[in-house]
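Try each task before you read its solution.

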Amino acid sequence: MGQTIAFHKADQLKAKPDASGLGFGKHFTDYMFEMDYSLDEGWHDPRIVPYGPITLDPAATIFHYGQEVFEGLKAYRTEDKRILLFRPDKNMERMNQSCARLNIPEIDEEFVIKAIKKLVAIEEAWIPSQPGQSLYIRPFIIGTDSALGVHPSATYKLLIILSPVGSYFGNSMSPVKIYVEDEYVRAVKGGVGYAKTAGNYAASLKAQTKSEEMGFDQVLWLDGVEHKYIEEVGSMNIFFKFDDEVWTPALNGSILPGVTRASVIEMLQHWGVTVKEKKISVNKLFKKAEKQKLKEVFGTGTAAVISPVGFLKWEDHVIKVANGKTGKLSQKLYDTLTGIQTGKIEDKLGWTQEVKVDHEEATEKVQPKAEEAPEAVKTEDKPKEAKAEEKPKEKKAVVTD
Ligand SMILES: Cc1ncc(COP(=O)(O)O)c(C=O)c1O
C-alpha cells in the first residue's frame, strides 16, 4: 500500500479520565485513524485526525444492511515503560477473513498494523499502567454508499479508535454464572458467525438481556440447527478441563476464531497438556460433570483474557464448577498470558510487537504551528502524496496535559 499517513492536529486535547474508574469503552482518546475506499482509488487517504463524529448519508449501507467488520486488540504498558501489542497480525488476518465474508475489499494487513502503531505512539499518554489496564484498539470498516438497493457498497471507511480500559476483574478473577441458552442462537453454519461483524452482536443482545434478568452474567450459546452443541460463551470462546485434558468446541463456521483461543491452545500444547478441539454436546458436558470429571470451565477473549465459569444452568440441571472458585489452570493461563502481554514474562513464542515512540518526532509533529497544513507522518513504506494535505481542516495542536 506504501502510503503516507497524514496527521491533522487537534485544536485542544481532552483531559484524561481518572485512571481508577475507566470501565470498558467509555472514554476515547484525542485522535482516530481514518482511511477511505473507492473503486477507482482503492484504500486511500490514510490520516490521523482529531477524534470526533463522522458524517454519513442517512441512506449509507451500514445503517440499513449492516455491512461492517471490526476488530478488538490492546496496547499494554510494561513496567519498563515500553508499549506492547499482542498478536496484531492475528487480528488483521481475521479482519480480512471477516471482510471476505462481508464482501468488503481487503485491507493491507501490514499497513493497518503500521497505522495502529502510529496512532498508539501518538496517544501513548493515554495508555493506563495499573495492573489489568490497557489501551483498547478498535479498528472497523463500514459500507458508506448512499443507496437503498441491497448491494455491496462501492465505498467504505476504515476507522481506528482507542479507549483506555480498566481491569476486567478488579483485584482478582471472579468466576461468572452462565445460563445455557436453548431458544435464541447467535449464529448458524453458513452464516457470518466466524466473522467479527455487527449483526452477530445485535443477534446476541436479546438473550444477554434475558440471562441478566434471570440473574446470570452471560449465556452459553448452542449451535443454531440442533441446539445441542456448545459454541461460545457470551462474546468469548469456551474451554472445559475434563480430568487432565482440555476440550474446546472445534471451529465450525459459526464460532469466532478467537486470538486468545488460539493462544491458549498453543500455550497448553507448549506445556504438554492434551487439547482436543471437538464437537461437544451440552448433554455430554452435564454427564461428565455428574461423573465428577469436569474440573474447570473458562471463557477466553481479549477483554477478560481468561474468565473462569463458576456456575452453569441448563434446563433444570445446574453445575457448580471448581466449587465456584477460579481453577488452577485458569489462573496459570491468565497469569502467563497477561504476563507476556505486559512484558513481565519472556515472550518465547514471539507474540508481542513493540510500539516505538519517537519522542523527538512526537514533540516535533505536535508542536503548535500557525495555520499549518496537516503534517505527513511517514510509514516505513515508500511515501506517496498524502491527499489529506489538500484539505486542511484543523489548524493547530497543543499536546500538553
Ligand atoms: C463472539 C466472540 N467470540 C470470541 C471472542 C474472543 O476473541 P479474541 O480472543 O480474539 O478476543 C470474541 C471477542 O473478540 C467475540 O466477540
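**Exercise 1. Locate D243, then decide whether this residue is buried or exposed.**

Step 1: find the place. D243 sits in the loop between β12 (237-242) and β13 (245-249). Strands (E, at least two residues) and helices (H or I, at least four) are DSSP runs, numbered from the N terminus.

Step 2: know what you are looking at. The model is predicted: local features need pLDDT of at least 70, side-chain atom pairs count only at pLDDT 80 or more, and totals for chains, interfaces and linings use all residues. Residue numbers start from 1 along each chain as its sequence is written.

Step 3: apply the cut-offs. A residue is buried if 20 or more other C-beta atoms lie within 10 Å of its own, exposed if 12 or fewer, and partly exposed in between; C-beta atoms are placed from the backbone. D243 has 12 other C-beta atoms within 10 Å, so D243 is exposed.

Step 4: check the backbone. D243 is not a glycine, yet its phi is positive, about 45 degrees.

**Exercise 2. Describe helix α8 and find where its buried residues lie.**

Step 1: get the length. α8 covers residues 328-341, which is 14 residues. From first C-alpha to last, α8 reaches 20 Å, close to the 20 Å expected. The expected span is 1.5 Å times one less than the number of residues.

Step 2: list the buried residues. They are L329, S330, L333, Y334, L337, I340 and Q341.

Step 3: look down the axis. The buried residues of α8 fall within an arc of 145 degrees, so they line one face of the helix. The arc is that of the directions from the helix axis to the C-beta atoms.

Step 4: G343 follows α8 and has a positive phi, near 75 degrees.

Step 5: find a partner. L329 and K295 are 34 residues apart in sequence, but 9.6 Å apart in space, C-alpha to C-alpha. K295 is in strand β15.

**Exercise 3. Which residues come nearest to the ligand, and which element gives the most to its shell?**

Step 1: take the shell. There are 13 residues around the ligand. A residue counts as near if its C-beta atom, placed from the backbone, lies within 6 Å.

Step 2: pick the nearest. These are S235, G258, T260, G301 and T302.

Step 3: assign elements. α6 (259-270) and β15 (294-301) each supply at least two shell residues. α6 gives the most, with three.

Step 4: look at α6 itself. Its buried residues include T260, R261 and V264.

**Exercise 4. Where does the largest nonpolar core lie?**

Step 1: define the core. A nonpolar core is a set of buried Ala, Val, Leu, Ile, Met, Phe, Trp, Tyr and Cys residues joined through C-beta atoms within 7 Å.

Step 2: read its contents. The largest core has 93 residues, and A75, L119 and I178 have the most contacts inside it. Helix α3 (residues 109-122) gives the largest share, six residues.
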